[in-house]
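Thanks for coming. Please have the sequence and the model open while I talk.

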Amino acid sequence: MNLFKKNPIRFEGQKEIETQIKNQTDNVISRRFKILMGVIGVVGVVLLIRLFITQISQQEYYSTKLKQYNTSLFTADTFRGNIYDRNYKRLSYNKNINCATYYAVQSITQDDIKIIANFLVKNVNVDIKSVTERDKKDYLILKCKDTKDDLINDLITSEERSTYSSDEIYQLQLSRITSQMLKDNLSDDDMKYYMIYSKIQNCTSGSVVLLEGLTVKEASLIGENSDILRGVKVTNDWSRENTYGTEFKSVLGRVTSKKEGLPASTKDILLAQDYNNDSRVGISGLEMQYENILAGTPATYSLAYDSDGNPVVETVSSGTKGDNIRLTIDWDLQSAITDEIEKQMKAHTSSIYRYANNIYLVMIDPNTGAIYAMCGYQRDEKGDIYELAGGAVQNAFEIGSAFKGGTIYAGIKHGVINQYTEFDDTSSGFKIAGTPTKFSWDTGGLGRLNAAEALSQSSNIYMFYVATLLGGGTYEYGEPLSIRDSAFDQMRLDVGELGLGVKTGIDLPSEALGYRGRVTQRQAGNFLDFAIGQYDTYTPIQMAQYVSSIANGGKRVQPHLFMESFTEDDDGTKISLLQHQVKVLDDVSSYKLAFDTIHTGFRMGCVSGLASGVNGDYEAAGKTGTAQKVYEGTSDVWANRGFIGYAPYDNPEIAVACIAEALPDAGGGTCTTLSKYAFEKYFEKYG
């Protein structure tokens, strides 16, 4: 019996070893394959589930996404707000116009563009008035390329072609196209055709306005032929219009057209504010000043394409119209006074009026700064006259004796005179060594005068004495006179407190400051001229603020044209949004004695003095002004004629400032006549 079991001994050769290894490898591969197939099966199931969710459960979501990826959005200007006068008389508005607008077609061919351009030129009025010389050159280049004419190519030598880039060659071509070449090779029909052709060719996305101001018949014709006018649609648009044409336009301002788009000077800023390159925007006057109120919220449109590549336009949001603006201007007064100024300018036709190029009048509420009328006319070098109300803010003049109220204010403020101080205005005049004797308007002398009497009689000599004291000088007839240089600066500070020589803050985008007498001429005689308004220059709006400060007793109130913004509901009820708040820029009313003295002098001037021609039942107070002007190459003397005043004198509710440039003696009453007319018109209407 065997107690132990013996295992058989096996001997493995090379073949057995290889077989064993192969079997092990096959087992590993088999296991991995099964795992891989399992993974693929799981992934397949996940993909099938995801595909089901995408195509069935979320079909609408992804369809919308696909549409969004193939749709572009663009905006278009909505109507601007209208501008009205204080009595809601409409001054600026939007005029509806029909336009032919091209929306970019995908893969449009040159033949398609030619068909569109030819059709429009033959069937629609194509206005080429706005085509510039530069545009014509581009059109001629296009024409020569289209017709394979070598006219333009021959302008460039072979050496230049090998030297310069395509852009440089293009600039050379532009510079070498002459006006005669354009005249000989570009007809009006050519310009019409290539204007449309170039607009379509350059519009690869979005839209471009091809034509504006279509008639109903032309609009219908375009709609009926939409099959051949690919991408061209009739759209409603607007243009900015002024009810009274060019009158007051320099103040109302201008809005760019779609072709002009954004002004280069403010383009980057406006683009950052979500304007488009072709957006219309106010670029001057009130249109610019109140752009943020007048401009509406742009409408938004989507631009997609059908299977043929044709544009499909849909409204996303209609936007909102801009808010309206109500001005302080009373158009009845504005128009009537403007007509009177025009009559004066037309009457100034002889050679003695050859330098009388400007007349302005501003009517203002001295207590609030509200401007009731701002009128003006200007004459150009050809002798033609035109309305230019904005010149009241941008043109400056020496105002003569109208300045003298400021001299009395400075004298009393600094304590060198009071209401009782008297000086003699005699036939001897005011004589400084080495200079001609200075006189008042009456060389025989006006007698012994106090401050109020000096204003009413417009005494130059009285003002010379005050100026001497202000400058720290001592006057002796025929002796030298020394004045502190700082006296000029101090005088400017003093009258600046009333509104002369400083910006008034009027709500217009540009306001002139006026010109100051040269620093190198700070001599005593110049300071005396300064004291009678014949050294620095001032704008009519500064004159208006200055007389307002005097009328209200020392408060420099900011003049303004804006009264309020408003909108209207469906019933036409006006809803006020933003109202102007009175702004006092400076207050020197504590110098009550100075203003009481000036008031007395101004009232005396209208009762029995040089301004008596302006007085009426409204009981005015005021001061005339005459500033002599000598023009180079002549020996004759002209004078700026002015008037500042207010009424009623004891409770001022309206003030007037008028200036007429370089009039002869025959026109000396121009401003007093106009100012009286303005007062009469105001009180006739407002009582």
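Ser 459 touches Lys 404, Asp 425, Ser 440, Leu 446, Leu 449 and Ala 454, leaving aside residues up to four places away in sequence. Keep in mind that this is a predicted model.

Where does Ser 459 sit? Its place is the loop between helix H17, residues 451–457, and helix H18, residues 460–470. Is Ser 459 buried or exposed? Its relative accessible area is 0%, and buried means under 20%, so Ser 459 counts as buried.

One item on that list of neighbours deserves a second look. The side chain of Ser 459 makes a polar contact with the side chain of Asp 425, at 2.7 Å.

Asp 425 takes us to strand S12, which covers residues 423–426. The covered face of S12 holds Phe 423 and Asp 425, while Asp 424 and Thr 426 are on the uncovered face. S12 runs antiparallel to strand S13, residues 445–449, and four bridges join the two. Within S13, Leu 449 is the bridge partner of Phe 423. Leu 449 is also among the residues that Ser 459 touches.

On the H16 side, the contact is made by Gly 406, Thr 407, Tyr 409, Ala 410 and Lys 413. H19 contributes Gln 490, Met 491, Asp 494 and Val 495. By type, the residues of this contact divide into four nonpolar, three polar and two charged.

Terms used:
Residues numbered from 1 in each chain as written. Predicted model: local features only at pLDDT ≥ 70, side-chain atom pairs only at ≥ 80, totals over all residues. Heavy atoms only, no water. Buried < 20%, exposed > 50% of the residue type's maximum accessible area, 1.4 Å probe, protein only. Pairing = 2+ DSSP bridges. Polar contact = N/O pair within 3.5 Å; in protein donor to acceptor, adjacent residues only side chain to side chain. Contact = heavy atoms within 4.5 Å. Nonpolar A, V, L, I, M, F, W, Y, C, P; charged D, E, K, R; others polar.
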